[in-house]
Amino acid sequence: MTTTNMGHSEQPSPFSSSQLLPPSSTTSHPLRDIPGSYGPRLLGPFLDRLDYFWFQGPDNFYRKRMEKHRSTVFRTNVPPSFPFYLNVNPNVVAILDCESFSHLFDMEIVEKRNVLIGDFMPSVKFTGDMRVCAYLDPSEPQHAKIKSFGLDLLKRSSRVWIEELESGLGTMWDTIDLSVAKGGSAKYFSPLQKFLFHFLSKTIVGADPSSFSQEISDSGHTIMDKWLYLQILPAFYIGSFQPLTEIFLHSWAYPFALVRGDYQKLYKFVEKEGNEAVERGKAEFGLNHEEAVHNLLFFLGFNAFGGFTAFLPTLINAIASETTDLQERLRKEVRAKLGGAGVRLSFESVKEMELVKSVVYETLRLNPPVTTQFARAKKDFRLKSHDSSFDIKQGELLCGYQRLAMRDPKVFHDPEKFDPDRFLKKPELLNYLYWSNGSQRSSPSPSNKQCPGKDFVTITGCLFVAYMFQRYDSITGNSKSITALQKAT
Ligand code: HEM
């Protein structure tokens, strides 16, 4: 067994002793053929691609097939596919319930080599002609070295995390305050991304963008976006401007040449300003210079900046669009445990904020920032869903769609509803919260593929909420704009 916390052989299936499931689902798992088909060789993948990106959108794409096959496990194609992705095999086995999803974490039976985005892998030119950590399987020696480097960076960054967070959030909310005062509302994507780029560069890489150049300080976040989205575009759901999106954005992969100059700027920034981290990667974790810099850049830009960019707008939306007494309850909890404006945030104080934590977990359940995880069967094995079992053959690609697995009605009561108290009432549900590619009760390690940022992300989400309610009495808005702010009295 290579994993420490999450393998099937070490940890019984999450459902074997669960009180949450009806007794029938824990008893027998009759063997079934995997329903669904891949259709004609070129036409099947093409039609599925159009359904996924255009006619249905990802949620309905999976939901309709799940209903049609009366199964949370079935065969389908996922993009990218025909006509210009001839080397990509779009055939997958979709898995959409918590029990079957957890097989993705068992490194004894699945391999995670080059499957971050599915069978399609962006050109390694985007990452310095090397396969960075997220594409490595734990069986590859380099994985443990680089993952340990990442875990160490995060541990060290905790020394400046709070201080940098407070100062970055101060600047970000000042900008938003100003726009709301001027125009009555503020689109916050850009100030949020600018804050994230500065904050994560300083904490994780130890690199201050303002010390490097005006361009990186002002536009580092947009440069990062360009590099990041160009890589994931072939599989990225856009949901508008069809059929132009299908023709021009989803039909071929764009070359690295379009961002070569930008990537060089980011590389130089990390290499120079993050020199201390780079040297530690070399001296303590046995990486060569190039490996240390390219991996640092990927941790910063793709993993951390990309992840938080997807997560924080959903957190703001969950709170700012609430019309219940949630904000009042959050405000009371934050001020009781921490105090009002001017009192320093701390890791310890947010650990005691049970409602704040539950809201953060519930946001990650309903809106997992990375919607899909893939893994390839290392050997033939039997995969279980709640009510059936299925034979998986070595080499088959499993595709876990988090947005439906996290709405599994056998685990989460009234699963489509945002219930801010869900995890407060039933903390044992954390076993089934999978946003980090592992259970919220498991730990990332060099021998598994769980996100090393798992705890930092949830704690930062809590600190983000605590800061908001220190500063404001109420906030109105959605995932794009803030429309009203009432300063703390
Ligand atoms: C909200 C923020 C974040 C989200 C949503 C997120 C999500 C994820 C997910 C889903 C995976 C698994 C991908 C897969 O194998 O299919 C992952 C892996 C990873 N994440 Fe995060 N992450 C976040 C923040 C961070 C941060 C702050 C770091 C800092 C270093 C980080 C570093 C990594 C790395 C290195 C991996 C690959 C792990 C491995 O190869 O074993 N992530 N992340």
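## A chat about sheets, a helix and cysteines

Visitor: Hi! Which three strands form the open sheet with mixed pairing?

Guide: They are S1, S8 and S7, in the order S1-S8-S7. Strands here are DSSP E runs of at least two residues, helices are H or I runs of at least four, and both are numbered from the N terminus. Two strands pair if DSSP finds at least two bridges between them. This is a predicted model, where local features need pLDDT of at least 70 and side-chain atom pairs count only at pLDDT 80 or more, while totals for chains, interfaces and linings use all residues. Residues are numbered from 1 along each chain as its sequence is written, and side-chain values use heavy atoms, with hydrogens and water left out.

Visitor: Thanks. How many bridges join S1 to S8?

Guide: Two, and these strands run parallel. Leu31 has Ser389 in S8 as its bridge partner.

Visitor: What about the sheet with antiparallel pairing, what is its order?

Guide: That open sheet of three strands goes S5-S11-S10. Its edge strands, S5 (186-187) and S10 (472-477), each pair on one side only. Helix H5 (residues 141-183) packs on this sheet, touching S5, S10 and S11; contact means heavy atoms within 4.5 Å. The direction of H5 makes about 100° with that of S11, where axes are lines fitted to C-alpha atoms, for helices over the stretch in contact, and angles run from 0 to 180 degrees between N-to-C directions.

Visitor: And how do S10 and S11 meet?

Guide: Five bridges join them, running antiparallel, and Ile475 stands opposite Leu485 in S11.

Visitor: New topic: why is H15 largely enclosed?

Guide: Twelve of its 13 residues are buried, so the rest of the structure largely encloses H15. Buried means under 20% relative accessible area, exposed over 50%, and partly exposed in between, with a 1.4 Å probe and protein chains only. The cover over those buried residues includes helices H12 (289-320) and H18 (454-471).

Visitor: Which protein atom is the donor to the ligand's iron?

Guide: The single protein donor is the SG of Cys451, 2.3 Å away. Donors are N, O and S atoms within 2.8 Å of the metal (3.2 Å for Na, K and Ca); water is not among the atoms, so sites may look incomplete. Cys451 lies in the loop between H17 and H18.
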